[in-house]
Amino acid sequence: MANVQYETEINAPVERVFEYYTNPDNIKEAWPRDIVKESESISGSKSEEGSEMKVKGEYMGKEEEMRLEVADKEQNKRLVTRQTQGPFKKWESTQEFQGNGNSTHIRHSIDYELPTTGKIANMLSGSQADSKIRKGLEQAAQTVKKKLESGQA
């Protein structure tokens, strides 16, 4: 299994950062367009344990839909989502938030496993997947940082 991580500091209170970062509607706003095309909540409550969201995007050169379920949530501290349906053999995203006054430290890690068969397995090696996911994580974090620090979100 592979693991990709990214950490950053955002000059905004943890409540604002957590709210923005964990809202399924903002995933498509933050992630690069060549990776995520659409994201939305598909259950009544957003980002609550057991709630589901779908993320449509381009994974490994092919348009795919991923369904994610909120597996664990601790308000303003932690959010864990897991793929319940989608292109990966396994996908788990953990976002941890540490607030300190008007500053928030975010640590985002994704554990994933590529399938061993099918189109995706043939199209992408582990290092290519790592690179694309890492680039997406970094770009998403920088986009959120810019929006929150400039007051656009």
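**R107 is partly exposed, with a relative accessible area of 28%.** Partly exposed lies between buried (under 20%) and exposed (over 50%), using a 1.4 Å probe and protein chains only. The side chains of R107 and E96 meet in a salt bridge, 2.7 Å from N to O; this pair links distant parts of the chain, with E96 in strand β6 and R107 in strand β7, eleven residues apart. Strands are DSSP runs of E (at least two residues) and helices of H or I (at least four), numbered from the N terminus. E96 is partly exposed as well, at 27%. E7 joins E96 and R107 in a network of salt bridges. The model is predicted: local features need pLDDT of at least 70, side-chain atom pairs count only at pLDDT 80 or more, and totals for chains, interfaces and linings use all residues. Residues are numbered from 1 along each chain as its sequence is written, and side-chain values use heavy atoms, without hydrogens and water.

**Strand β4 holds K73, which bridges to a loop residue, E48.** The structure has ten salt bridges (a Lys or Arg side-chain nitrogen within 4 Å of an Asp or Glu carboxyl oxygen). Between K73 and E48, the closest N and O atoms are 3.0 Å apart. E48 sits in the loop between β2 (36-41) and β3, and the two partners are 25 residues apart. K73 counts as buried at 17% relative accessibility, whereas E48 is partly exposed at 37%. In another salt bridge, R78 and D72 bring their closest N and O atoms to 2.5 Å. R78 is partly exposed at 29%, and D72 is partly exposed at 25%.

**Aromatic rings pair at five places in the structure.** Ring centres of Phe, Tyr or Trp (six-membered ring) lie within 6.5 Å in a pair, which is stacked under 30 degrees between planes, edge-to-face over 60 and tilted otherwise. F18 and F97 have ring centres 5.0 Å apart and planes at 70°, so this pair is edge-to-face. F18 belongs to helix α1 (residues 14-21) and F97 to strand β6 (residues 90-100), so the pair links distant parts of the chain, 79 residues apart. F18 is buried, with a relative accessible area of 1%; F97 is buried at 7%. Together with Y21, F18 and F97 form one aromatic cluster.

**W91 in strand β6 pairs with Y112 in strand β7 (residues 103-113).** The ring centres of W91 and Y112 are 6.3 Å apart with planes at 40°, so the pair is tilted. The pair ties together parts that are 21 residues apart in sequence. W91 is buried at 11% relative accessible area, and Y112 is buried at 2%.

**One cavity of 30 Å³ or more is found in the whole structure.** A cavity is a set of points on a 1 Å grid where a 1.4 Å probe fits but cannot get out, and lining residues have an atom within 4 Å of a point. The largest cavity holds about 480 Å³ of space. Its lining has 32 residues, and I27, W31, V36, W91 and I110 are the closest to its centre. Elements that each supply at least two lining residues include α1, α2 (24-30), β3 (52-59) and β5 (78-85). Helix α4 gives the most, with five residues.

**K146 lies in helix α4.** K146 is exposed, at 62% relative accessibility. From K146 to Q83 the C-alpha to C-alpha distance is 28 Å, and the two are 63 residues apart in sequence.

Technical notes. 1 Å grid on protein atoms, 1.4 Å probe; cavity = no way out; pocket = protein on both sides within 12 Å on 5 of 7 lines; lining within 4 Å. Points joined across faces, edges and corners; volume = space filled by probe spheres on them.
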